Each structure stands twice: as structure tokens, then as C-alpha cells.
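I am opening this notebook to record, one entry at a time, what I looked up in a structure that was new to me. The sequence and the model come before my notes.

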Amino acid sequence: MFFKDVGYLCKENKTLDKHNRPKTTYQESLIYCNVKSIGLTEFYQAQSVGLKPEIKIEARLIDIDGVTHFRYNNKLYKILRTNKKEDSIELILSSMIINNE
């Protein structure tokens, strides 16, 4: 299987700045993936419980321990759910707004 898109797995790191305010940074690692669309059934089932999945990412089976976010096209997404297949993994993503100055 060939992967044509590039994305970044992001681990969340919470620290305090010099004024003791919480600050969130992300440790990124590059992966190659394919972007898929969310199916109608999956979209409506998620909507019924208040979630809004936007895209689905398929990548090689990797260890995602501690990974909470995914960056694709300079947009940060939160990982809602993972689905492991034989030799690949699917990440279901929802976008989020970051205001971290």
C-alpha cells in the first residue's frame, strides 16, 4: 500500500510559562498516510452522541501510545477513535481551535 499524504502525530505536553500560566505544546513525529472521508453511517452515529468527525486517516500500523492529536495541512485535529486493521490503522479526527499564545 502506498501513502501519498504527510501528517504529524502529536503528543501533548503541558507546562507553565514564566507567569505560571498553563501552556500546551506538541511533540510531533512525521508519518505518511492517506486521507479518507467519513462514511455517512459513521458520521450520523457520532453526531447522535455529540461528536463531529471530519476526516479519517489511514497509515501503517504504528505505536500511538500517548498520541492525542494529529496535524494535517497546518490544522490540528483531536483523535476521536482508532481502528486497527491487519497492517494499518485508521484514525478518526475532529478539528479543534487552538488559542495558545
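**Entry 1, the core.** Before looking, I wrote down what I would count: a nonpolar core is a set of buried Ala, Val, Leu, Ile, Met, Phe, Trp, Tyr and Cys residues joined through side-chain atoms within 4.5 Å. I also noted that I am reading a predicted model. With that settled, I found that the largest nonpolar core has 15 residues, and that Leu9, Ile57, Phe70, Leu91 and Leu93 touch the most other members.

I asked which residues Leu91 is in contact with, leaving aside its neighbours within four places in sequence. The list I noted is Leu9, Ile55, Lys56, Ile57, Ile64, Phe70, Ile79, Arg81 and Thr82.

I stepped back to the protein chain and found 1 helix and 6 strands, which follow the pattern β-β-α-β-β-β-β when read along the sequence. The C-alpha atoms fill a box of roughly 45 × 30 × 20 Å along the principal axes, and buried residues make up 32% of the 101 residues. I looked up the accessible surface as well, which comes to about 7,100 Å², with 48% of it belonging to carbon and sulfur atoms. Among contacts between residues at least 6 apart in sequence, 53% join residues at least 24 apart.

In what order do the 6 strands close into a barrel? I read the order as β1-β2-β3-β6-β5-β4, with antiparallel pairing, and the twist averages 45° from one strand to the next.

**Entry 5, strand β1 and its partners.** I followed β1 (residues 5-16) to β2 (residues 22-36), and the two pair in the antiparallel sense over 12 bridges. They form a hairpin with 5 residues between them, and in the turn Asn20 has a positive phi of about 60°. Along this pairing, I found Gly7 opposite Ile31 in β2, while Tyr8 has Leu30 as its bridge partner in β2. I then turned to β4, which pairs with β1 in the antiparallel sense over 4 bridges, and there the bridge partner of Tyr8 is Arg71.

Leaving aside neighbours within four places in sequence, Ser94 is in contact with Lys52, Glu54, Tyr77, Lys78 and Leu80, and the side chain of Ser94 reaches the backbone oxygen of Lys52 at 3.1 Å. I also looked up Ser94 against Asn83, and the two are 11 residues apart in sequence and 15 Å apart in space, C-alpha to C-alpha.

Ser88 also has its place in strand β6, and because its relative accessibility is 4%, Ser88 counts as buried. Not counting residues up to four places away in sequence, Ser88 touches Glu58, Ala59, Arg60, Leu61 and Asn83.

Technical notes
Residues numbered from 1 in each chain as written. Predicted model: local features only at pLDDT ≥ 70, side-chain atom pairs only at ≥ 80, totals over all residues. Heavy atoms only, no water. Pairing = 2+ DSSP bridges. Axes fitted to C-alpha atoms, helices over the stretch in contact; angles between N-to-C directions. Buried < 20%, exposed > 50% of the residue type's maximum accessible area, 1.4 Å probe, protein only. Contact = heavy atoms within 4.5 Å. Areas by Shrake-Rupley, 256 points an atom, 1.4 Å probe, with all protein chains shown as cover. Polar contact = N/O pair within 3.5 Å; in protein donor to acceptor, adjacent residues only side chain to side chain.
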